Every structure is written in C-alpha cells, then in structure tokens.
Amino acid sequence: MAQDPTTLGGTLNAEIVADISAVQQSGLLDYRSEELPTWCPGCGYYGITQALMQALADLHIENRNLAVVSGIGCAGRMPFFVNGYGFHAIHGRALPVAQGVKIAKPELTVLVVGGDGDGLGIGGGHLPHAVRRNVDLTYVLFDNGIYGLTKGQSSPTTPTGQVTGSHPYGNPDRPLDAVTLGLAYRASFMARGYAGKPHELYPIMKQALEHRGFSFVVAITPCVTFDKVNITYDRLRESWVPIPDDHDTSDLGAAMRLALSDKLYYGVFFREDRPTFNDNVEDTSGKARE
Amino acid sequence: MAGEHYVVIGNGPAGNEAADVLRSGAPDARVTIVSDEFFPFYYRHRLRDYIVGGCDEADLVVRTPDHYRENDVRLRLGQKVTRIDPATETIFLAHMEKIRYTRLLVCCGGTPRVPEVHYAYRQHLSVMGTLRHARVLRQKMPDLRRVVICGGDMISFRVATTLATVGKEVVFLIDEDAFWPLELTGEVREEFSRALGRKGVEVRQEDALTGVDATGHDRYIARTRGGGAIDCDLVGAFFGFVPAIEFLRGSGLDIERGLLVNERLQTSRQGVYAAGDCAEIYRPDLRNYWVSIGWPNAQHLGALAARNMLGETVDAGGPAESVFEVEGIRVNTSWWREF
Amino acid sequence: MPERVISTHPADIDYVRRNIPCQWGCPARTNIPAYIDAICHGAPTASYAVNRRSNLLPGVLGRICSRPCEEFCRHGDVDLGEPVSICWLKRAAADRAGPDHARAEYRLPATGKRVAVVGGGPSGLAVAHSLALFGHGVTILEMMPRLGGMLLYGIPRFRLPDPVIAQEAGDVIAIGVEVKTGFTLGVDATAADLLSQYDAVVLAAGCYDPYRLDVPGEDLPGVYSGLDFMMRVNRGDLPEVGDLVIVIGGGFTAMDCARTTRRLGASRVEIDIRETEEDLVVSREEVLEAKREGIRLVSLVAATELLGDTHVTGIRFARTRLRTDSLTGMKIAHSIPDSEFDRPVDTVITAIGQRPSFGPSGSGLPRTPTFDPETGESDVPGLYAAGDYRRAASTVIQAIGSGSEVAERVDEFLTGARRRRKVVTIEPWRDTRRERAWDFAEKTEMPALPVDERLASRDVEVETGYGDEAAAEESRRCYLCNLKYEIKVSDCIYCRWCIDLCPRECIHLVAELAQAPDLRVSKTGRWNRVSAVVIDSDRCIRCGVCLRICPTQCISVKLVNLVDEVDMPEGPFISYPLGLEGGADGR
Amino acid sequence: MAVSETTGPASSDVVIKICGAAGDGSIAAGQILNLAAAGMGYHVMNFDSFPAEIRGFGKSVAHSRISVERVLTPGTMGDCLVALDDPHSITELASLRGNGIVIYDSRPADYHEEDQAVAGWLQPGMIGYGVPLRDLSAEATKGAKSRNIVALGVVSWLFGLDADGFRWAIGKRFGGKSETVRETNIAAFNLGWECAARELDKADPIDFGNVALARVENVSIVSGNEAAAQGCIDAGLRLYAGYPITPATKIMEVLGRKLPATGGVVVQTEDEISAIGHVVGGGFAGKRCATATSGPGLCLMVECINLGVMAEVPAVIIDCQRGGPSTGLPTKTEQSDLNIAIFGASGESPRPVLAPTNVEECYALVLKAFEVAEAFQTPVIVLFDFFLSSRMEDVVWSREAADRFGVYEDFLATPTPEPYARYAITETGVSPRAYPGMPELVHPITGLEHDEHGLPNYSGPVHTRMQRKRQRKLETLLARWPAPEVVGPEGDLEVGIVSWGSTVGAAKNAIKRLSESGMRAGGIFPRLMWPLAGDALREFSARCGMLLVAETNSSGQYAALVEQATHRDVLRVCEAAAMPLPTAAIEAAALKVHG
C-alpha cells in the first residue's frame, strides 16, 4: 500500500539500503531541528544546509556549543532549522550581533548565515570590519542574486539587466562579487561553493568551520521562485570549475586573479593564519595585567 | 462508554432512531451520522406531493440540525461514504476523509433500480428516490404534457395517479414484470390496472419499453415492444429500489442484494450492523430472505440495531411487517426480491 | 550502474512480484507493461510477439482470458478507478499483428529425444511448443478431429470464433510439431504403451468428467451437464431447450450455457448459485453481459432435488447461508434447514465444474500414478501431467503457464540440465513523460453488438474489439510498473521540489527503513528524522516530472524485466522484450 | 443569506474568502476575482493576509467583498469559503457564516485523517460544493497549481458572475505571460465552470444574475500602495529611493515600472539609511523625492528624517505599518508607528504626519504630502498600514480629490538675494527657500543648530528662536488644513468615536449600526495626525457623553494624544490582533459602556 514504498530487490535495492543507513549513522540528523524548512521546494538553500550539516556532523560540534546567527531574508530563517542556539536578528546586523556572541563567549562555534541583500546590501558596511577584526566566525553568504523573502527585487548581486520586481526594465547596476570583496578585505579564509553540488561544498564548509579566524564562504544558489533565467541550476551546473590543485592558498594575488577570471571557480581561494580578535583580547588583557 | 465512536451511515428513520438510542444508552460516546444528502432528515413519502407543488421543502423536514447539536450527535450531511474497511474499523468518505468507528450501523436505504436490459438508454430515464430526484421532477413539472411510466413498483402507482390528478397525460406500460417485485395474483393485478384507469392513467397491458430516443431538450420517443413509439416529455423508470450499498462491495461483508445480517442485525463482520431497507435477513417463516420496509419498520429496526450495538442481545425475529396499502389495495411484500 | 544487469537474486525476482503485479499475477508471466507500451507506441506486431512468448495464444486469450492480471493492476487500486483493460489490449494487438510475427526466437539443437503430449488443448499446445523449442521431437495425440480442446468445444463461438483458434494452434504446429488426431487414451494406447514408445509422456488431456450435483432426479431428461451441453452445441448437435431454463452453477461454463440457451430460443433463463454474486469467480462484465441479455441471477440457493417423472419439471431448492471459513477465509454456503421451496423449470443445466476423466483403467501401469499438483511430475519416471489434467479444471492461462513449466521439467529430465529459467534484467531507462491527465481517462469499454443482434445468430461474436484510437487511449492508462523511478539518497539535498511538483503525491519523506521481512519505510514530517526522500512505486505514474526537475539530478529510471534466459550453445539467450530495443516502435 | 454590514440586496453582496497554504495561489485568484467583478461594474474591497514565507506552510487568505454598493469595510464573516487546502481552511470556517458556502477539493491526492478535511467540518446549514479542483487543474495545466483558477470557474457559475468577465480578467492578469499560460488558465477556468454547471446542485441564494452592470474596463482596482505610487507620480516625483520591505515594496515596484516614463528615477539602495539619505539629498537639490518603508525601516530612517527637520528639507516618507516591535509581524496589519512617526527623533523634531483612511485617500494624501513638504520645507510622514497597503478597492483617479485637503502654493515664496537668509524668521515660520542651481543664493545647510544664514550657532537665543520657528510652521499648517471630518447628528452625542487611518471604515460602520439601534452616535476622523487638531477634538469631545478612540494597536497611541488634548479619559478600543480592528469590537465597546 501507499504507506510502504517498496523499493525491493537485491540488485535494485542494495544502494538505497546502504545510503539510508549511512545518512542515519552520519550524525547529520542531529543538527536538524524538528521543523521542516519553509524554503520553497527546490531552493538551493537545502543543498547548502545539507553540506553544512554534514560538516558539523563530521566535526562533532556539540549542539549546545553551536550558535547560528542570521539577519533577515530567506537565509535568515536558518536558525529555525538548526538544532543549536539560533539568533534570528535584524536585517543586515547579523555580523555585529554574531561578533558580540563570539567575543562574549569564545568557546562557542558561531555560524553566521545570511543572504546577499542582508550581507552585501544593508549589512555591507559591517563586513570589512568583521573581517578586519578577524573574529573567529564562519560566515556563509547564501548568494542567490535576489531578494526572495520580499518576493523578487534586485539585490547587490543581481546580474546586470535582469528583470526584477524593483527593476522592471532590467537591473542597471553592476553586481558585486562577494569573493573579490572578501579577498580585498583580506578575509583570513575565503572560499566559494555551489548549492547544487553539496558533495563539493561540504569539504569547503568543513575547512571553514575548522579555520581559526573569520572564514567567509560564498555559496552560490539559485532562487527557483524568482529567478528562472540567470542563476539557475541548468546554467550553473555547466559553469563550475574546481580551483586548480596547484593554486597556492596563501597567495592573495593568485587568489584575486582566480576570483577575477571569467570562470566560476569553487574551492578555497585564500587562507592565512593570523591572530583572531579573541587572541588579541587575551593579548591585550595580558598586557593590561602586566 | 467513553472512547466509543458509533457511526451511523444514513439519515433516515432507521438512522435517526438508532442515533437517539445510542445517545441515551451511551452518554459519553461519540455518535456520528453520515449522510450523502445535504438536506436534513425528511419525509420521503411527501415527495410525490412535493413534485406537483402540493407542499414545499420546509414541509418535508422531520428534524432540523439544532436537534443534533442539542443531542450532541455529530451530523455530517452531504458526505458520501465510498467504502468501509472492517479490518481497520475505518470508513472512507468521498471527499477523502477517513473516520474510525468502534461500531458501525449501515442504514442507507435504497436507490432506484434500472434493470440491466434498459442500460443502453438509461441516461434518458428519470427516477425518483430522493429529494434530489424530486427537485428535478418538480422543476420539469410545468413543461410536462405526456409522461411514460415503465416498471411498476409501489411508488409508480402513486406518482402516476398524482400526475394524472394534476392533468398530465400518463401512459403506463405494464408487462408481465410490471408489478415486480410484488407477486400478485391476476385479480389483484387487474384491480391495480382498473384503479389506475379510474384516475385517468392510460394503461397499456402487456407492453414493455425497448428503447428511448431523445429528440430534443426533454423531448423523447419511448419505443415499446409492441411497436409503439410514444412522444413524451419524460420517461419514468419505477423498478423499485436496490439497497444503496454499492460502496460496501469488496469490504468483505456478505452481500446478496442487501447486506446479510443475523437476527441481531449484525453483518458478517464484527462491529458492523445494518438496519432499514438495506438489511436482508433470513426469515424461517417465509423460507426466504426478507427486507422489512416502511417507516415504522425502519425505526423499529434502527432501535434494535442500536441496542445490539450497545451490548444488549435483542432478536429482530418475529412476524414480518409486510402489509402495505397502495391505492386502497392491500399487498404483502418485501421491498424487492430477486432480480 | 552498468548498461544492463542480469540478476537471479531472489530479492530481485521478489521485486517483480511486488512491483509489476500484473506480470506476476499472470500464471504465464506475460510481460504486460512491455506489450502495452508497444501498442501505445504503435507496434502491434512486437506487442503480439511479446505476448506470444509467454502465453502462446494471444488472440484466444485476448477474448476469453480470466484476467488474473487485471485484479492486480494498480489502476484498480482503491480510489484509482478501474484496472487497465489488459486483456482487451491483448486482443487489440492480436487483431493488428502482422502475419510475419516470430514463431520461434530461439531453437536449441535437436536432441533426438521424442515426447508424446496427450491432448491438444491449451496446455498440450504450450508443452509441445516449449519442448519443440528445446529441440525435442514432439507428437500431440488428440482425441478430437481438431486441435484446441476446450477452446474449441467448451467455449461458445460468440465469445471465441473458430478461425482465431485455428490460426494460433496452427502457429504452434508450424514450428515442427507432429499431430495425431482421433487418439483416445486408454483406448488407442495406454500411458504405459506410450512410455515405451517415447522418451517422455505428458498428459494434458484436460477435464471432461463433469461434477454431479448428486441429488435425486439428476438423470431425468431435460437435465444436461454444462460441458456436455456446450460440446454438443459446438459440434452442431443442438440439444433441445425449453422456455424456462435454470442453470445451476456460477462459473464461466454456467454463464456460457445460460447465454447459449438464450440464443437457442429460451425466453426465461436463470442462473442459480449457492453463494452471492459478490463471490463469483467470473468477471463482473461477464455477469453484466448475461444480465443485459435478460438472464437473471438468483443467489443463496442450493438445489436439493430435481423434480419430474418423465422429464424434469421443477427444482427443489434450499436457501443457503454464508459462513466464512476461519482457516481459509473462504465463504462457504450452507443449506438452511427447513428452507426448501420449489420452482418450475423446462430445462436444467448443471455447470459446477469438471475433473480429469482419466481413471486407473487408462494407465496400463501396474499401479495408478500420482501426480504432484505443483510440478506435474509423477512417481513414474518420464510421466508428467499438465493443465487441467494436472490440477483439476481451471483457466486457459493457467493451463498455458503450467504447460511451459512442465515442459522445462521434462527437458531437465531428458537432458539432465535446467536450460531455461526466469531472470530479471535491470537497466537504465529514459524519461517516460506520462501525463497525469491520462489517469483520469475512463476505462475504454469493449464495443459489443446490441442484444437483439446477438440473439439473432448463434455464433456471431459479441465483442467487436477496440478501434485504433480506443486501443491507443486504453494503452496510455498503463502505469508502466516495469519502470522504477528512484532517488539516489546520497546525492539528495532534501529540497522537496519533486514532492512539490509530483502530481500524485507518490514521493515521501521517510525516516526509517526496516530490513526484514519487507523493506518498509515510514513516512515522517519531522526534519530531524528525515533520512531519505523515496518514490513510492505503487503510486508513481511515471510522469518523469521529478526526473526533469531535480536540482542535483539524483533521480534515475530503471527498466526491470522478468524474462527467460535460455542456455544456447553459443551463450545465453535472453528473451528481451521486442519493441524495447528501438526500431519499429519509435519510442 | 444574511450578509455583511452594508444594506443592499442580500443576494448581491458577498464576502468570498479564498484560503490556502502560501503558494496555493489564493491571492492571485482573489486579484482575478476582484478585477473581474469590478470590470462587471460591482464595487469590490479586498484584503488579503499571507505569511512572510514565499511558500512553505503558512496560511494565505484572499478576502474579497463584492457588492452592488460601495463598500466601507471588507467584512469579517465570509459568505463563501474557497478551500484550496484543508488544514488552513478548517480554521477559516470559524469566520464563515452559519449558512455559508464552502467550495472544496473533492479529490485531493490522498485521504485525510478524520477531521482533517474541511468538507467534514461543514455544519448543518452550510453548503458544501465538492469539485475535483486538483484533477481539473491537472487536466488543464498538467499540474495542481491552477486549482485556484478552476475554483474561480466554480464561483462564476455558482454566483452568476459573468464568465466572460472572468476570462477577461484572467487574460489581463496573465497578460505578461505566454499565450499558453493564458490559454491553459482560461481552460482551467472553463473546466471549473463546466464542472460546476454539470455536477453541482445550486443550493444557496447568492445570485448576481449573470448580468454585468455597465462594464467599466478602465476601472482601477488598486491597492493602497498602488494608489500611493500614482499619487507620487501625479505629484511630480523625481526621485524615489527605497529598500525592499514588506508591506511597502509594492510602491517601489510600481514606481520602478511607471516612473521612468515620466523622467523620474527609482534607486534601489543598499538599505533604508541610504534610501532616506538619497531622499533628503534630492530634496536639498530642489526635487520632489520620496521613500516608502515599514516600521523597521523607519527606525533606521529616523536620524535622516531628523536631519531633514533640522535642515528644513522637504521629503515624503510613506510608512506602511506592520506588526511590531522589531521585525515583528511582517505580513500583519497594525497602527503602532504613530509615536515614532510623530516623536521619533533626538531632540524635538516637529514634522507633519498624515494618515489616509481608504485607498482613494492613499492617492490623495500622498499627492498632498508633496505639496505640504515643499510648502513647509519639511519631511512629511504618511502613515499607511498593511491593511491599507494591500487591500484593493476600485478607484477613479481625481486630482481635485487631493485639493480637499487644502492648497498651499502661496507658501512657495521666491527667495530674494542681498542678503539671502535661508532660515529667515517669518510669521508663518516658512522662510523663502533656495536650492542648488539658483544663482546668488548659495548657502550651507546643516544638522547642527544654525542661525538664519545656516551657519552653526549654539547660542541659547538662536536655539530658542529656531525651535520656535520650526514649531510655528506646523501651527501654520494646522491653521490652514481643513477641519477634521465629523459624522453623526449635530448636538449632543451619547457616544463619540475618534479614529484614524484604516480603522475609520470600521468606526463609520459602527456609528451606522449604533445609530440604527437608536443611539446618538457620531465620530471625528482627522487625516492630519500631527500637528494635533486639538481645538476640533475638544469641540467634538464637549458634545460627547462618552468618547471612544478606536485604533489597531494595543496601547492606544492616538488615544493618549486625544486625552492630552481633551483633558478627559477616553475609552480605548484598541487591539493589536494581527488583523484590522473589527466593526463589532467598536460597536460592542460602545454598547457595553452605554448599557
């Protein structure tokens, strides 16, 4: 009967049996809340979430030590779907709030999520400073080039010419590139991935979480509801190229050249170890006590 | 009996009587009536007056919805049961909802029968069993001049005479099966024919319907075995009623024409009972299966079924209430017999 | 996944049982989705050939099959309407198949062994056909002047015209089977005689010995057994029929007899059964057709005595009551004491079944052989039984299915090896693009003659067959259960796009998967319990929407076929369904 | 069928609610229904509620009232519920009349558990029409997504609303889409209509008679936001700067489409701070500029508005209020930004605040706001709310309508050089204004306190003088602005109702009902919220035995101002219940107090 989808058969079934038990044993379900995400069906955010949760599970991050901070927007809903301490803050201010969280309680793993409008539009001014302070956060920018929650207006990363709710004659502005920005600000970890390839995105997420300092991951994702033309699965599927193996992630210039090239690279562009804000706090307090 | 859910399918005399008994016998239980008709419990026998404007819909009502609210009976009107599953004690509704019961009573009455030999043109035949049918007929009434009636169950006599009384031309085709399912002697049959004739109905003996052609909107030619071709505005088929239990097929209940029940009105499946026109019971005195019909019988059986559902052991045996008076002629019959 | 996997894994065979229910429901394991798909794509000859491989007589079965498959068709699941008219589509293929369809796709080298098959009915033909393919020399020994057995003599012409039988029986002979007619077992030769002349003997002599009511008056004039009645009619030796006829029994033969008596002039015909109409094995269409012809059905009655002095004049019946057998769940009718009543009658036909007419006298063996009703093997080496003869009267499709199986055992006996077996082929397949709207298409009814035209002639075929459009329309209703749409769990991102766009809610979020005994999954709405998104093959309509929409392209289609694998000298031959490998069908 | 608050033939005034999960298309269906009905010549009012999630699982209800007469409120109880999904529709049954109609899907994809089907909850007396919406949708468009359009076909047949009118409206609604989309949706409509005609037994009395009134195909069925956009355009808006925020975004979208053709510019800024910055900058440059936002955005804008007040720069800010505080209830209505609009600022920052009461006034008052801003050289805040922003009414544009709120051209004095004082002290408080591009009048402006020439000056006398000057501009405005609307009989009143903004419709209905029940009831409804019309309020108050203030917030923000002005306690009829304050609440409050 309908209640019992029967995917039987020895040869036919071996794979699904193995896969389901793999999912159950992976631990990623521990990072999901009970509520089903309210994102539109087909949304790329699911792919990003899948990769992120796999990474969290791999690193065995304790739920009680996980803080997820977001602003406003579709991605802003993330804290409701994660089994951890979530803070759905206000528009554009996720980074300031998250910095406060991390500085006040350094033992937390602080994950900041938000969309392109939240992070590069209204909150764009906060980004360089979070980077500058090198607060040990993992910031995942869900970049779909659209304002989804308000039903389809142009965002800072909407391609030029795209027709949107706010630009019925085409968006006149040149889109920002989050990776170039992050590199220019010299984020101590700069990477990019694609929502439709969670297998490739997952190791990036893992490295970002492991990195000490501000790690900035740009996850390119389609908005299946409001952009059926530009940033779509069909178009993105073809255009992704892994960062060459011989790329030196400590070479900021090389990273910038990759970011500026016409190709859509995924992987880690740049990373460097430098003292985090909290390191400096300890340093300063040490000095003060002297 | 908290936790019990008594579900009654059918909102006629049997169902309402049963619901009353269940309500008073099990004050804490849930009682639900499900009926596929929107209209509340109404007097069916007034329909023939209704179709000719002799009374209005308000006059048909037996009980208003308030009654059920006060009685704490959940009345689900306009909800059709499509099947039941005694194994999981579930009934399924046409609007695709499942309801679980602990005891179920089926008393959904009958639906007009059209014999298979008339299947080829059944879309042109008018029937009358419910208010819904009656509404259609009432609407057509002003435009009716000539009506052909075939079949010949008890309602047919009443309708034919009523129509004749209001000045419609009525042609009544009577063949050897006409009085089906009544088993009448030749004399009684003659008596019926004469009674119809007296009321102004044209009776055509030994003739039967063999085809109906639609010649326009509500215009038909009724073809008969005797080679007749009757121009008319309506062809009424009155071949009695069959229990409206098509939805029970495949549920594992024993069905002959009706739902077969034992003396306690229990069907072949645990927890499922039947009463009224759709319950068929073996009567040793008649050496036959039997359906007791009519309003008082239905109420009586509904109450008996309810008492059995409540855990009593009450026998529905006893003499068959089967004497009816039609047009002053007394007949002894079951609602329907084999066909 | 490689191009095509061939599996003999029991779980894969079991997959077919559960997921291609029509094919498994067919005793001959006819590849139903494949042949319907072929019709759908305008390849009737391929469709006919796929049929013929398993059921040998598509034209015959397309008319009179008991259709066990349709009972299992998912389109007939609760709330899904009527099953696909699998049987009538078979006829549609047969009506259109070209004359040059394949008669033998493979033929093993000659073995020099000789086998006698007693009986040229459906099972005998099936045994002979398979044994011939295995390379053995086969002789059919038939009692009647023509091949066909019960098809020819037990079924009225208005349901199964003579030329159809002649054509399809002829196709079997055409591959090189010898036929001897006028042979009666126990008269012309005993089983022992045959065993001495042949390497193996298969008894497929059918059931011609009618069961009796065992009530007083059964031998009165005017009382016929159903099978005798039909055989006489089919031989042209018309029995005398009165005006008032009562047929006792509720099987196909009873229906056939009743309908035949209407054609012979009876005006009031009744079929009286012990149980109720609900419980009849014949299809509801068959009952409806009988009723349209004016025949009445009386249930819950059991004849206790046939009345009359020189000729039957009445029947004494008792009313019955149904009881459900607690062990089998079967309904059994018991007579009610003191419920007898009498009915007048002119002619009585008893049609309550038959049994094999082969008694101890016919074997010629020291002791009566016993046959295993499952396998058809006997305790005498080389002696087998097939069809009705093996396991009491049943259906044509069962007879054919059992014929093929017995032939495989005979071959194993003769060669010492099992040379043909069922295997499952699994391979990637393409998008199907079935449309949801096809779900709402009503079952296409079989066109039939008006009742007066039917009754006017004894033999004119009642059902006239689907037209081209009707066949195409009906074939589109098939869900193609041989295709399995599947989500690869490890690539899924749980985005639920497929669920959202799925037209029939056949895709579910599931939590658990219990391994034994069945692989069952439980649905969940809790995000932290969702371990997979799974397509329910039971409800999937193979529209392909999910396949096209999936962001990570993690959905695939696999074609699953249950087919024969034959050990040919040059390597295994797979009876892969024709019409699927491109070419004619244009799929 | 007993119908809603206005009188009129019962059979031709109907409240239809189309309910579904977000994404089921209930809102779109409502829009088509409105357009179709308005095109047929009926009056419509529509007020939808939908969740913040685009899709997902929130409830979404299109609420349309269609009547042969002009409609004051959308009505709370529905006459007909179109159930596009079951769980949400079951909850919506509570706001359906006892003899209401439910149109539901008779063939969903799977069985409902007991009590999960809306059809199972129909009370005796209600009328259910089961139609296989999903199946018909699949037949028409190969998917379940046109169930809403199929349902419209049913509505059309059932209520005798001209099918061609619907086809016309569907054509218009999908005008931008491909021919196929239009055709398949019309096919879906037709299937619904035909199925209803074939299968349904009509059992309800609602009947519009299938006769369209005089067809008005040029009618505008617009929301408050669309009316606002039109007001901006007709006022000669040159620059609109904004940032997307519910429920104000539509204003930007409409302007984005229409403004360029008039030579105006729409800038989508990176946030609201930037948006108001653009507006103040543009105002400084001498152009008419505006922005629209909602509460959270207004919070961000406050410092720049304050700058505009200080530097005396014209600007128009439309605040489409929504439930707060903080991000709050983005898709629910509330009138709770009154305080921030009037008082939100550092220091004392007087500026005019306007509040329209219906869609037509959204147009008129926005248009007028530009004139006031320019005449008095100040930011003007216009308070909308979600209810006004998104509800739709049939409107005919009329510039004259705006002028009933006064004409202020005479304040536009031409500045004279030698020596030019940007902030010259005048009797009205208004100083002749020059802006960049004007020769010989160059001057600085600043957010610092300044003297008449615009130069920073922190001295006590200057600050006092300038504070008074800025305050005096509002007094001038108040004196010029027409007296507030007062309704009801002259003389003493048993109950007087003060209300503002979108609650005025309900207040007027309440007065009507109270009067019908024999009570002497009246009301006063200011559009100029600030400066407060104190004299008018006091005068009205003096006539009233009981003074009620009705508004859709929980603390009674306007009530507090009225209390201050009238020196008496008022009865606060205020409730922030994520929906407009209903007529019944006002009526009940009045009756309760009055016995």
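Modeller: Let us begin with a definition: domain bounds come from an automatic or database domain assignment. The model itself is predicted. For chain D, the assignment gives domain 1 (13–199), domain 2 (221–406), domain 3 (409–480) and domain 4 (485–594).

Biologist: How far apart do the C-alpha centres of domain 3 and domain 4 of chain D lie?

Modeller: Between the C-alpha centres of these two domains of chain D there are 38 Å.

Biologist: What average pLDDT does chain D have, and over which residues does pLDDT stay under 50?

Modeller: The general idea is that, where pLDDT is low, the predicted coordinates should not be read in detail. Chain D has an average pLDDT of 90, and 96% of its residues score at least 70. In residues 1–10 of chain D, however, pLDDT stays under 50, and the model has 30 contacts beyond four places in sequence for that stretch. Residues 52–56 of chain D also stay under 50, with 19 such contacts in the model. For the complex, the predictor gives an ipTM of 0.75 and a pTM of 0.80.

Biologist: Let us turn to helix packing. At roughly what angle do the axes of α5 and α6 of chain D cross?

Modeller: Two packed helices are described by the angle between their axes and by the distance between the axes. In chain D, helix α5 (residues 163–173) and helix α6 (residues 179–199) have axes that come within 9 Å and cross at roughly 155 degrees. Angles over 145 degrees count as roughly antiparallel, so α5(D) is roughly antiparallel to α6(D). Their crossing is right-handed. On α5(D), the contact is made by Ala163(D), Phe166(D), Arg167(D), Ile170(D) and Gly171(D); α6(D) contributes Arg182(D), Asn185(D), Ile186(D), Phe189(D) and Trp193(D). By class, the residues of this contact are 6 nonpolar, 2 polar and 2 charged.

Biologist: Chain A has a helix pair as well. Is α2(A) oblique or roughly antiparallel to α7(A), and why?

Modeller: The axes of helix α2 (residues 45–58) and helix α7 (residues 198–210) of chain A come within 8 Å and cross at roughly 50 degrees. That angle makes α2(A) oblique to α7(A). The crossing of α2(A) past α7(A) is right-handed. Among the residues of α2(A) that meet α7(A) are Ile48(A), Ala51(A), Leu52(A) and Ala55(A), and those on α7(A) include Leu201(A), Tyr202(A), Met205(A) and Leu209(A). The contact of the two helices has 9 nonpolar, 3 polar and 2 charged residues.

Biologist: Which chains have the most contacts between them?

Modeller: Of the 5 pairs of chains that touch, chains A and C have the most contacts. Their contact takes 39 residues from chain A and 46 residues from chain C. Both α1 (10–26) and α2 of chain A supply at least two residues each to the side that touches chain C. The largest share of that side, 11 residues, comes from α1(A). By class, the side of chain A that touches chain C has 19 nonpolar, 15 polar and 5 charged residues.

Biologist: How many residues does the contact take from chain B and from chain C?

Modeller: Chain B gives 17 residues and chain C gives 19 residues to that contact. The side of chain B that touches chain C divides into 8 nonpolar, 2 polar and 7 charged residues.

Biologist: How many Å separate the closest C-alpha atoms of chain A and chain B?

Modeller: These closest C-alpha atoms lie 14 Å apart, and no contact joins chain A and chain B.

Notes. Residues numbered from 1 in each chain as written. Chains lettered and ligands numbered in written order. Predicted model: local features only at pLDDT ≥ 70, side-chain atom pairs only at ≥ 80, totals over all residues. pLDDT = per-residue confidence, 0-100. Contact = placed C-beta atoms within 7 Å. Axes fitted to C-alpha atoms, helices over the stretch in contact; angles between N-to-C directions. Helix = DSSP H or I, 4+ residues; strand = E, 2+ residues; numbered from the N terminus. Parallel < 35°, antiparallel > 145°, perpendicular 65-115°, else oblique. Left-handed = near helix turned anticlockwise from the far one by under 90°. Nonpolar A, V, L, I, M, F, W, Y, C, P; charged D, E, K, R; others polar.
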